[in-house]
Amino acid sequence: MASDDVTKLVASAKASRAPVLNLSNRNLIMPPQGIETLSSLRSLLLNDNRLAMLPIDLAALSNLRELNLGNNNLSVLPASLGALTDLLVLTLSNNMLCMFPTEILPLTSLTHLWLSGAGLTQLPDTISELASLRVLSLAGNQIARLPETFGELEDLEWCSLRGNCLTELCESFTELEALETLFLDDNRFDTFPAELLALDALVTLNLRGNMLVDVPSLRTMSSLASLDLRRNQLAAVPSHLLRLRTLSVLLVREGNEIGPAVRAAHIESEAPEAYVQAAERPKTAARLMR
């Protein structure tokens, strides 16, 4: 879209006090001028551009509830991002951040954080400050360990750690009592993480593409309905899994579904972020418009 058209969209949004401004896929290199003056915005979509920087003064966007900056060229974030304390949904996936952006730690109302494919190698202990998180994607990074404070994200319901370098979980992972969906596929686990046995609310677990040779009894995981163990090193299907009454989908070998009452369902292992955003966004959008 020509820059004149973007300028007109920003001007129109300001004149009408629009709650939503969608500037995604506009091939933008710089943020459009005047965007920081749109104080009525509740949802700002700047994803899929070529942005390398953001306006320094984001604090004026005080009503913002959703900010999508995914698929850009951002390597740093302005400190003013932390002033958006009512922000609920933040997407920073597929940028060039390399380090966890501590600028977002003041965003204690945040419920959804997308930070996949951002080149992260570690998480700070202070991630626990984002205590309202319900959905967290850290997929496709190079994280080798989780800080012990990770278990303090007690409201977490959906988490993707797929495609990292994890060999174990932190002990505090047992404290994630609200967790229902967990993606640990394509990591480096060679033993089943014992911390998972304490998660009796967990419904969906993906451990595809690790190096597991055995799976212990999962009887304590009383809500588990879907389990993906494909592309591991299991010599056979553990017989105790077939007797697990809650399990409706068990994936052990590519193309096979095994279980006591297999339904036409599958684990969303290939694109968890797209899956959950599609499921969550209608509810999020409705909330933003209130």
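## A negative patch

E177 lies in the loop between β7 (158-160) and β8 (181-183); helices (H or I, at least four residues) and strands (E, at least two) are DSSP runs, numbered from the N terminus. E177 is exposed, at 61% relative accessible area; buried means under 20%, exposed over 50%, and partly exposed in between, with a 1.4 Å probe and protein chains only.

This is a predicted model, where local features need pLDDT of at least 70, side-chain atom pairs count only at pLDDT 80 or more, and totals for chains, interfaces and linings use all residues. Residues are numbered from 1 along each chain as its sequence is written, and side-chain values use heavy atoms, leaving out hydrogens and water.

E177 is one of the residues forming a negative surface patch, among them also E148, E171 and D200. Such patches take residues with over 30% relative accessible area and no salt bridge, joining like charges within 9 Å and nonpolar side chains (Val, Leu, Ile, Met, Phe, Trp, Tyr) within 5 Å.

## Salt bridges

How many salt bridges does the structure hold? There are 6, each a side-chain nitrogen of Lys or Arg within 4 Å of a carboxyl oxygen of Asp or Glu.

R162 pairs with D186, with their closest N and O atoms 3.6 Å apart. R162 lies in the loop between β7 and β8 and D186 in the loop between β8 and β9 (204-206), so this pair ties together parts 24 residues apart in sequence. R162 is buried at 16% relative accessibility, whereas D186 is partly exposed at 26%.

D186 also meets R231 in a salt bridge (3.2 Å, N to O). Together, R162, D185, D186 and R231 are linked in a network of salt bridges.

Conventions
Accessible areas come from the Shrake-Rupley method with a 1.4 Å probe; for residues, only the protein chains shown count as cover. Lys and Arg count as positive and Asp and Glu as negative; His and the chain ends are not counted. The place of a charge is taken as NZ of Lys, CZ of Arg, CG of Asp or CD of Glu.
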